[in-house]
Amino acid sequence: MEEQMEETISLQEIFTLLKKKAVLILSMFFIGIGISALITFMVITPKYSATSQLIATSQSKDNTNANTDSINSNLMMILNNSYFDFKPSETA
């Protein structure tokens, strides 16, 4: 008959083993981070991009609601791209 042997290990033995292998564990951790960073930034192409535009308009001198002419003129400047030269942003 086969005899089953139970072996117990204490927490102190586990921590001692982890202390002995701490340099190996940390080096593998940082190597993994480095490899994943290289793959992320050098190999994988971005799939999503976003653009934003900031359009500044002058504030009316009186505190009344904006009139239709100023709204239409602002819209025409935006639609004709004659308000500013927009600088495209980098892909995110």
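Student: In this predicted model, is F29 buried, partly exposed or exposed?

Tutor: The relative accessibility of F29 comes to 49%, and the exposed class requires a value over 50%, whereas the buried class requires one under 20%. Because 49% lies in between these limits, F29 counts as partly exposed.

Student: And to which class does F30 belong?

Tutor: For F30 the relative accessibility is 54%, and the cut-off for the exposed class is over 50%. F30 therefore counts as exposed.

Student: What geometry does the aromatic pair of F29 and F30 have?

Tutor: The chain has 1 aromatic pair by the rule applied here. It is formed by F29 and F30, whose ring centres are 5.2 Å apart and whose planes make an angle of 70°. Planes over 60 degrees apart fall in the edge-to-face class, so the geometry of F29 and F30 is edge-to-face.

Student: Where in the secondary structure is L38 found, and what is its relative accessible area?

Tutor: The chain has 3 helices and 0 strands, running α-α-α from the N terminus on. L38 is found in helix 2, which spans residues 22-43. L38 is exposed, and its relative accessible area is 52%.

Student: Which nonpolar surface patch includes L38, and what is its area?

Tutor: The patch is made by L24, M28, I31, I35, L38, I39, F41, M42, V43 and I44. Its area is about 1,100 Å².

Student: What percentage of the chain's residues is buried?

Tutor: The accessible surface of the chain comes to about 9,700 Å², with 60% belonging to carbon and sulfur atoms. Of the 92 residues in the chain, the buried share is 0%.

Key. Residues numbered from 1 in each chain as written. Predicted model: local features only at pLDDT ≥ 70, side-chain atom pairs only at ≥ 80, totals over all residues. Heavy atoms only, no water. Helix = DSSP H or I, 4+ residues; strand = E, 2+ residues; numbered from the N terminus. Buried < 20%, exposed > 50% of the residue type's maximum accessible area, 1.4 Å probe, protein only. Areas by Shrake-Rupley, 256 points an atom, 1.4 Å probe, with all protein chains shown as cover. Patch = residues over 30% accessible without salt bridge, like charges linked within 9 Å, V, L, I, M, F, W, Y side chains within 5 Å. Salt bridge = Lys/Arg side-chain N within 4 Å of Asp/Glu carboxyl O. Phe/Tyr/Trp six-rings, centres within 6.5 Å; stacked < 30°, edge-to-face > 60°.
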